[in-house]
Amino acid sequence: MMGAWQIAWFTVACAAGATILMLPAGVLIAWLLARRNFPGRSIVETLVSLPLVMPPVATGLLLLVLLSRRGALGGMLERLGIEIVFTWKAVVIAMAIMGLPLLVRTARAGFEQVNSRYERVAATLGAPPSRIFFTISLPLAWPSVLAGAVLGFARALGEFGATIIVAGSIPGETRTLAVAIYSYTETGQDAQAIRLVLVSVVIAFVALWSANRLVERRAA
Amino acid sequence: MRPALILLLVLGSDPFQLPAPAPITVSAAVSLTDALTAAAGEYAGGGRGAIRFNFAASNVLARQIVNGAPVDLFISADEAQMDVVGQAGLIQEGSRVDLLSNQLAVVVPNDRPRTFGSIKDLADPAFRRIAIGDPAAVPAGVYAKQYLEKEGLWQAVASRIVPAGSVRAALTAAESGAVDAAIVYRTDARVALKATVAWVVPTDRGPRIVYPAAIVKASAHLTETQRFLDFLRGASAARVFERAGFTVIPTAPR
């Protein structure tokens, strides 16, 4: 049996990878939704939030259909020699998709709170949109982006439904904390399951405690 | 006055109102899904009462029953999981019977069909991922591991095993192409739409696969449940099971 802390480490690493994966896309989408009017805006808005409302298992099934060797994208990737389903990459992708709505919604609120006059003034002074974004919008909205990333990371840590469908429960390869607890419970290995539950409590406690400390320090 | 009247109307026309006799709840191994549903259809068609099914991997069902799930009849895919319930003292005395037998089969996605000359072909590096039921408890996985160990193949393929939550989950993995092969029951292979059989494990080489059935002691419908179990051991149910590929075990109660 793989050690409990190894599983914990794997889960945290995958969640961190998912957060890094969702940040660029999430921040861009959040900014577009907050600041730009474009055709299909409400469609994008709804699509991004879909994983928040759909059963995670349904999201997992969609990912499987898309990414499996017989799927639309999976077939292409296979020809390139890239395997996703039932590997750690599937874990990261499932986590990123499930965390994305939380990141986008939180970051978007942050971008909306930035006084748009600063952005307009910069534009009249000739700054290109990318410079306005990186020197004004993003720094001013940073606390919300960070909060969104923390939320997305937290959601990724606990992801279960989509992960078990698209990544399975392969010991030492795709077994995250949530999936391992489920597998151990299902197969009657209660002692191992309880050990992992305790590990999850420790991780959740440390994460929440440090997030609160961060907020306190900011307020002080 | 008014709300009370509406309430009365709603309650009086309850579309979910249960017909007599009350349906019995059967927790059965997921590999029995198609055959048992067909058999229960014949049973209910004869006006003998409705059956509610709860299909899952037998180890999951056993745990549900041990934890107090209101189940009338349990049909497991192996003796070990029936023993779990038996050792918890939850089986109606003398009701346990061996109902069916089955065989293992190796299936592959049907866009890459193959036929094995022997099970040794499974060691081919082309099979990078092989799904089986979780060998820690899922009966199909326990059987598959036993078989591969007996054939001296377990060491060679252990690192390529993808443990699945049930035998049907292993089959689905093969059908989606997510794995290159899966070891399932011959009966599962028959209902597969996108996977084909590469190898059927001969009965004299494979593990002895037995589906025991027993009435759960806490059942509130002992008579009705016994009647359904008797039906499952009768000739018309036997035809349904044999059509699905099961072997009916004709033995006296143990």
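## Close-up views of a two-chain predicted model

**View 1. The end of helix H3 in chain B.** H3(B) is followed by Gly68(B), whose phi is positive, near 100 degrees. Helices here are DSSP runs (H or I, at least four residues), strands are DSSP runs too (E, at least two), and both are numbered from the N terminus. This is a predicted model: local features need pLDDT of at least 70, side-chain atom pairs count only at pLDDT 80 or more, and totals for chains, interfaces and linings use all residues. Residues are numbered from 1 along each chain as its sequence is written, while chains are lettered from A and ligands numbered from 1 in the order in which they are written.

View 2. Seven of the nine residues of H3(B) are buried, so the helix is largely enclosed by the rest of the structure. A residue is buried if 20 or more other C-beta atoms lie within 10 Å of its own, exposed if 12 or fewer, and partly exposed in between, with C-beta atoms placed from the backbone. The buried residues are Ser58(B), Asn59(B), Val60(B), Leu61(B), Ala62(B), Arg63(B) and Ile65(B). From chain A, helix H9 (177-186) packs against them. From chain B, they meet strand E1 (24-29), strand E2 (51-56), strand E3 (73-75), helix H4 (79-87) and H5.

**View 3. Where chain B touches chain A.** 15 residues of chain B are in contact with 14 residues of chain A. Contact is counted when the C-beta atoms of two residues, placed from the backbone, lie within 7 Å. On the chain B side, helix H3 (58-66) and E7 each supply at least two residues. H3(B) gives the largest share, three residues. By class, this side of chain B has seven nonpolar, four polar and four charged residues. Ala, Val, Leu, Ile, Met, Phe, Trp, Tyr, Cys and Pro count as nonpolar, Asp, Glu, Lys and Arg as charged, and the others, Gly among them, as polar.

**View 4. The six-stranded sheet of chain B.** Six strands form an open sheet with mixed pairing, in the order E2-E1-E3-E10-E4-E11 (chain B). E2 and strand E11 (247-248) of chain B are the edge strands, and each pairs on one side only. Two strands pair if DSSP finds at least two bridges between them. Strand E4 (residues 97-101) of chain B joins E11(B) in the antiparallel sense over two bridges. Ser101(B) stands opposite Thr247(B) in E11(B).

**View 5. Two helices across the six-stranded sheet.** Helix H2 (residues 33-45) of chain B lies across E1 and E2 of chain B, at about 175 degrees to E2(B). Axes are lines fitted to C-alpha atoms, for helices over the stretch in contact, and angles run from 0 to 180 degrees between N-to-C directions. H9(B) lies across E1, E2, E3, E4 and strand E10 (210-215) of chain B, and runs at about 155 degrees to E10(B).

View 6. Helix H9 (residues 222-232) of chain B has four named buried positions: Thr225(B), Phe228(B), Leu229(B) and Leu232(B). Down the axis of H9(B), these buried residues fall within an arc of 100 degrees, so they line one face of the helix. The arc is that of the directions from the helix axis to the C-beta atoms. Thr223(B) and Asp230(B), on the other side of H9(B), are exposed.

**View 7. The five-stranded sheet of chain B.** This open sheet of five strands runs E7-E6-E8-E5-E9 (chain B), with mixed pairing. Strand E7 (161-164) and strand E9 (195-200) of chain B stand at the edges with a single partner strand each, so one side of each has no neighbour in the sheet. From one strand to the next, the twist averages 35 degrees. Strand E5 (residues 104-109) and strand E8 (residues 181-185) of chain B pair in the antiparallel sense over four bridges. Ala105(B) stands opposite Val184(B) in E8(B).

**View 8. Helices across the five-stranded sheet.** Helix H5 (residues 139-150) of chain B lies across E5, strand E6 (130-133), E7 and E8 of chain B, at about 120 degrees to E6(B). Helix H7 (residues 167-175) of chain B lies across E5, E6, E7, E8 and E9 of chain B, at about 145 degrees to E8(B).

**View 9. Confidence along chain B.** Chain B averages a pLDDT of 91, and 90% of the residues score at least 70. pLDDT is the predictor's confidence in each residue, from 0 to 100. Over residues 8-12 of chain B the pLDDT is below 50, and this stretch has zero contacts in the model beyond near neighbours in sequence. The model scores ipTM 0.73 and pTM 0.82.
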